[in-house]
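Here is a friendly walk through one protein model. Have a look at the sequence and the structure first, and then we can go through some details together.

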Amino acid sequence: WDYCSVSSPNKSLSIPGYGSLTCAAIESNAQSNTFDPEDCGYVQEQLLSSNNPCGCRITGTDRACPSPPTNQNDICRVCPNGKRVGDPNFVVPFGLSLFGGFLCGDMAAGGLDRQYDRDICGQASSAASAHCSCYDPSVES
């Protein structure tokens, strides 16, 4: 995702499953593959739509989203039951878990990248449930 540089970093967009994010946050999350692979294409469409809400300047040709993993059993989804992290920028408090000091979005990305074994995934899920405002994207607020 190093193909787009935003020229309107402070503009906010509503991204389903992630809430309102500034264009700078969208660019940062995209570059670090924080977006769920299933959402990546939608985010790209929004950034590159005809009204170009973030002032995206094409800087390269790498438009590939990470491929959704084929083996869902190896993924750690830190929010249970299909829920998503509602506050990706919240910092998990120190001293409360192994993930103290982590951003909720980074913790979720690590799970999607299969960085956690089963025990660590359980700790990440506990931290996310307690601190990351997990929500069901199918339920309108």
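Leaving aside its neighbours within four places in sequence, which residues is Phe-94 in contact with? The partners of Phe-94 are Gly-100 and Gly-101. Please keep in mind that this is a predicted model. Phe-94 sits in the loop between S4 and H3, and with a relative accessible area of 69% this residue is exposed.

**Aromatic pairs**

The loop between strand S4 (57-58) and helix H3 (104-112) also holds Phe-99. Phe-99 is buried, at 3% relative accessible area, whereas Phe-102 is partly exposed, at 34%. Two aromatic pairs are found in the structure. In one, the ring centres of Phe-99 and Phe-102 are 5.1 Å apart and the planes meet at 75°, so the pair is edge-to-face; the cut-off for that class is over 60 degrees. The rings of Phe-99 and Tyr-116 are likewise edge-to-face, because their planes are at 70°, with centres 5.3 Å apart. Tyr-116 belongs to the loop between H3 and helix H4 (118-131), so its pairing with Phe-99 ties together parts that are 17 residues apart in sequence. Both Phe-99 and Tyr-116 are buried. Together, Phe-99, Phe-102 and Tyr-116 make up one aromatic cluster.

**Disulfides**

The whole structure contains four disulfides. Among them are these:

| Disulfide | S to S | Torsion about the S-S bond | Handedness |
|---|---|---|---|
| Cys-23 and Cys-54 | 2.0 Å | -75° | left-handed |
| Cys-76 and Cys-121 | 2.1 Å | about 90° | right-handed |
| Cys-104 and Cys-132 | 2.0 Å | about -85° | left-handed |

Where do Cys-104 and Cys-132 lie? Cys-104 is in helix H3 and Cys-132 in the segment after H4, so their link ties together parts that are 28 residues apart in sequence. Cys-104 is buried at 0% relative accessibility, and Cys-132 is buried at 0% as well.

Cys-76 and Cys-121 are both buried. Cys-23 and Cys-54 are buried too.

**The largest pocket**

Sorted by class, the lining comprises eight nonpolar, three polar and four charged residues.

How values were computed. Residues numbered from 1 in each chain as written. Predicted model: local features only at pLDDT ≥ 70, side-chain atom pairs only at ≥ 80, totals over all residues. Heavy atoms only, no water. Nonpolar A, V, L, I, M, F, W, Y, C, P; charged D, E, K, R; others polar. Phe/Tyr/Trp six-rings, centres within 6.5 Å; stacked < 30°, edge-to-face > 60°. Buried < 20%, exposed > 50% of the residue type's maximum accessible area, 1.4 Å probe, protein only. Helix = DSSP H or I, 4+ residues; strand = E, 2+ residues; numbered from the N terminus. Contact = heavy atoms within 4.5 Å. Disulfide = S-S within 2.5 Å.
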